[in-house]
Amino acid sequence: MKNTPLIQLSGVEKRFDIEQSWLNEVRINKGKISRKKEQVHALNGVNLTIQKGESLCVVGETGCGKSTLARVILGLNSLSAGQIHYQDQRIDNLNERQRMLFRRSMQMIFQNPYASLNPRMTIYQTLSEPVSFHNPQLSQDDVDYKVAKLMESVDLSPDLSDYYPHEFSGGQRQRISIARALSVDPDFIVADEPLAALDVSVQAQVLNLMMDKQEERGLTYLFITHDLTVVEHFSNRVAVMYLGKVCELADTKTLFKSPKHPYTQALLSAIPRLDNNSIQPIRLVGEVPTPFNKPQGCVFQARCAHANDRCKIEEPKMVLQGDTSSVACHAVEEGRI
Amino acid sequence: MKYSVKEMSLPISKQRFKHIWNGFLSDKLAVLSLVIFIFYCVVALAAPLIAPFDPYDPQFMDLENSEIPPYWISGDDRFLLGTDAQGRDLLSTILYGTRLSLSIGLLAVIIQAGLGIFIGLTAGYAGGKLDNFFMRCADIQLSFSTMMIAIVFLAIFQTLFGSDYYQQLAMLMLILVIGLAEWPLFARTIRASVLAEKQKEYVDAARIMGIGPMRIMFKHILPNTMSPLLVIFTIQIANAIVAEAALSFLGLGMPVSEPSLGSLISIGFSYVFSGAWWICIIPSATLILLILVMNLLGDWLRDHLNPKIYKD
Amino acid sequence: MALLDVSNLNVCFGLKSGLVKALYDVSFRLERGERIALVGESGAGKSILGFSIVNLISKPGFIESGSIKLDGKELTSLSNRQLRHVRGKRIAMIFQDPMMTLNPVISVGIQMVEAIRSHTPMSKKDAKKIALDRLAQVQIPSPELRFEQYPHELSGGMRQRVIIAVAMILNPDIIIADEPTTALDVTIQAEILELLKHMCEVCNVALILITHDLGVVSRIAERTMVMYAGRIVEEGPTLEIINDPQHPYTQGLLSALPQMALPGQRLNQIEGSMPSLMNHPKGCAFHPRCKYATEKCSNAQPNYIYSGISTVACYMVEDMLEEFSEYRDL
């Protein structure tokens with residue numbers, strides 16, 4: 001695989017204001033009236049490069065900012081700081097009209113197959129809308145043909161195109177969702193927990209389909225999941241996120257063979273495996289912190305068994321290791337682990 | 001096996017509609033209400049054809065025929081429901097009145113819905129300051145009662161332009177006033193639904209496709225908010241008819257020459273104690289029955305279109 | 001005598017369109033202190049079975065026939081009052097969403113105290129002592145502090161710990177845990193599973209774990225029952241089932257797991273999806289998706305046979321065993 005970066009994120013930050021009415025934001029402090037906004041720090045400076053043709057998995061726990069990452073890349077949310085480049089073009093500061101050029105290249109598959117299809121639109125309507133929207137020159141017959149082809153490509157009979165989403169099973173809906181993403185012939189697809197709502201046997205169908213499509217079309221995936229067994233199977237590289245930061249980035253094999261960051265180690269030890277249950281899961285101490293206020297020092301230090309005073313003050317930087325992985329951890333850097 | 005056609009559960013297109021329709025047929029009260037409502041609509045539409053007299057034609061106002069009781073009392077088979085103080089056939093005036101009341105109600109609610117849907121959709125979808133602005137407007141509007149606004153507005157109009165001019169424009173004014181006064185109800189309902197729908201992933205999917213906000217609002221979100229709208233629509237027509245009747249009763253509505261149900265009741269009210277009770281009671285009964293069946297239908301719709309009860 | 005003995009349990013739902021059967025002749029036994037898992041995909045009827053054991057299936061559903069014996073005492077014929085006694089005290093339930101069991105407006109401690117006092121009369125002070133004891137047992141740090149807190153102030157993992165403490169409070173014989181870790185993160189899930197296993201061992205409580213995750217099963221259960229479309233299709237020791245599944249469905253389910261395939265390879269997939277309750281296929285319910293299906297499979301439901309590894313309901317296994325014994329006789 002050639003290493004040509006498709007998408008580059010540098011120093012991406014995203015803060016959300018906690019919605020409250022402006023009256024509640026007013027604070028009176030020593031006779032001065034000021035407005036204070038509570039903020040959630042969803043992403044705290046993410047640097048990530050997605051190579052062309054790879055499947056990059058992002059893993060992490062609930063609330064670590066992995067879904068937000070997907071949304072900012074696709075421009076569903078604006079950035080608070082940082083830049084995103086698609087090939088050589090900066091895309092985070094575009095308006096809707098300028099972004100249109102990139103809409104065809106970047107698509108998304110969603111977690112919930114029950115909410116990601118419009119319940120009042122038939123499958124034909126759902127699939128034909130993007131086709132004719134992005135190719136206004138196509139005739140009705142061409143659109144019909146393309147929709148039929150799309151349905152076939154995800155193993156659904158084109159005869160089913162006049163049905164509504166609620167008449168399909170979860171797996172079929174997820175396939176329709178994939179067909180919709182493919183309808184504009186994208187290069188890059190973000191999949192946000194596409195398997196989480198599906199049964200085991202159906203998960204395999206969807207995962208196989210996604211892998212087939214990658215082979216056929218040379219797609220690049222950003223695959224967001226919490227299921228590490230899927231990561232191991234599907235991805236080339238893995239980014240482990242914790243509280244809005246990437247704490248370890250490595251090739252899948254390297255990561256599973258020798259996880260370095262204490263959080264990655266805990267995560268891997270906790271996978272419920274069929275074959276080997278002799279590994280005792282590493283128990284993390286302390287409470288799961290909330291991303292309300294930007295933590296000082298290392299984001300993981302409150303739950304880390306290796307944390308020392310330096311971790312509480314200084315934020316660790318991503319450091320390239322001997323085996324091509326990068327880890328943000330003082331303990332690894334100092335050789336304490 | 002290439003396609004998973006056999007995976008399909010029953011080929012049940014429009015299952016939901018069928019489900020609701022079957023539920024409807026098994027509810028006797030709802031069916032009865034619908035039948036009565038349709039009867040009202042047909043009668044209102046066909047009033048010029050079935051009414052024995054044209055109440056707007058001064059030729060048929062014959063004071064000699066005034067205050068004849070209904071047929072079963074007087075035995076006068078020209079006037080089935082009797083006549084009013086001007087000698088007009090009560091049956092004909094009621095038919096025409098129903099027609100007027102229904103059209104005022106319907107048109108007023110169309111204005112309400114149009115305004116409310118547009119504002120609600122925009123506020124809900126855009127969010128932020130625009131949303132705040134519209135919703136505070138709605139709060140202010142709701143803090144005055146519809147009747148108060150209507151009375152003040154119509155009274156001012158009447159004194160400014162004189163009652164003759166007013167009488168010509170009465171119907172239009174009623175529609176406008178009732179229509180403009182109650183948009184917040186629609187706006188709020190639709191905004192709530194939009195806020196819920198906006199969170200759903202299909203809206204994100206449409207945004208990622210690059211589809212513009214107008215198209216997303218009207219083509220993707222609006223159809224998914226239709227169920228609660230239909231319910232309010234039905235109940236609001238009933239409310240608008242009542243509002244119109246009340247305004248007419250207070251002398252701010254339709255003129256005596258073109259009576260709606262409300263003005264009929266108002267006219268008849270002064271004769272109740274002089275023995276000519278039918279001039280007031282029969283139009284009242286007509287109005288009450290109409291409002292009752294519309295509310296029953298609205299309630300039924302609310303119970304059965306509620307997505308919390310019916311899940312796909 | 002087994003602690004819990006369920007035999008030929010049939011559960012139906014009376015819908016407008018007619019009777020719909022949700023459980024077909026479910027039989028199993030549970031010994032004291034044993035941990036078993038009910039595995040299946042959504043719609044397999046595993047939760048319905050869990051609820052049926054404590055007779056908690058809601059209205060259109062009812063137990064059509066069969067018996068559920070707890071210590072030899074029939075549960076299906078008990079009145080609601082007697083059942084309530086059985087529920088908290090002998091059989092406790094843990095749900096996926098802790099907020100289903102916890103009242104959001106009452107503090108954790110008061111809820112525990114109330115639960116204790118409703119089954120055994122004692123003073124509030126004694127009850128609080130027991131409650132604090134239990135909270136410490138489920139490894140909740142600073143139980144006195146947690147005692148005063150409201151459910152929403154706790155994290156997901158902490159809530160599930162509290163739920164386990166509540167379930168354990170009356171020393172039940174059986175705990176039915178319905179997807180207890182599905183909503184939790186991986187690291188927390190591992191902790192909760194360890195805790196659940198530990199508590200069952202310490203207190204000699206039997207556990208029925210309802211889950212869709214075979215990885216979870218292998219961590220905690222000694223015996224596994226695989227359910228498909230309202231029927232138990234395979235039952236046996238967990239390790240054996242995972243290493244050498246007999247029923248084609250179990251095989252499919254296991255080989256569909258990403259961890260069973262080499263990275264980057266296609267996964268084995270079972271075509272199609274589980275039939276809904278409404279159109280249950282005739283014969284073996286799995287036959288439309290089964291690659292070994294013969295005509296026999298679509299005509300009649302196979303009986304349970306012991307394969308030497310597990311108890312299975314499958315004609316293919318039956319035929320194979322027959323062939324094998326003929327071969328041996330020769």
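Author: Two strands pair if DSSP finds at least two bridges between them. With that in hand, let's look at this predicted model.

Reader: What makes strand 6 and strand 7 of chain A a pair?

Author: Strand 6, residues 81–86, and strand 7 of chain A share two bridges. At least two are needed, so they count as paired. Their sense is antiparallel, and Tyr86(A) stands opposite Gln89(A) of strand 7.

Reader: Which sheet do these strands belong to, and in what order does it run?

Author: It is an open, antiparallel sheet of four strands in chain A, ordered 4-1-6-7.

Reader: Why are strand 4 and strand 7 of chain A said to stand at the edges?

Author: Strand 4 (39–51) and strand 7 (89–90) of chain A each have a single partner strand, so one side of each is left without a neighbour in the sheet.

Reader: Which residues touch the most other members of the largest nonpolar core?

Author: Met108(A) and Val240(A) do, in a core of 264 residues. Helix 5 of chain B, residues 90–126, gives the most to this core, with 15 residues.

Reader: How many residues does chain A bring to its contact with chain B, and of which classes?

Author: The contact takes 27 residues from chain A and 23 from chain B. On the side of chain A, elements giving two or more residues are helix 3 (96–103), strand 8 (106–109), helix 4 (123–134) and helix 6 (170–182). By class, that side divides into 14 nonpolar, eight polar and five charged residues.

Reader: And which element of chain A gives the most to the side that touches chain C?

Author: That contact takes 34 residues from chain A and 32 from chain C. Helix 7 of chain A gives the most to its side, with nine residues. The classes there are 16 nonpolar, twelve polar and six charged.

Conventions: Residues numbered from 1 in each chain as written. Chains lettered and ligands numbered in written order. Predicted model: local features only at pLDDT ≥ 70, side-chain atom pairs only at ≥ 80, totals over all residues. Contact = placed C-beta atoms within 7 Å. Nonpolar A, V, L, I, M, F, W, Y, C, P; charged D, E, K, R; others polar. Core = buried A, V, L, I, M, F, W, Y, C linked by C-beta atoms within 7 Å. Buried ≥ 20, exposed ≤ 12 C-beta atoms within 10 Å, placed from the backbone.
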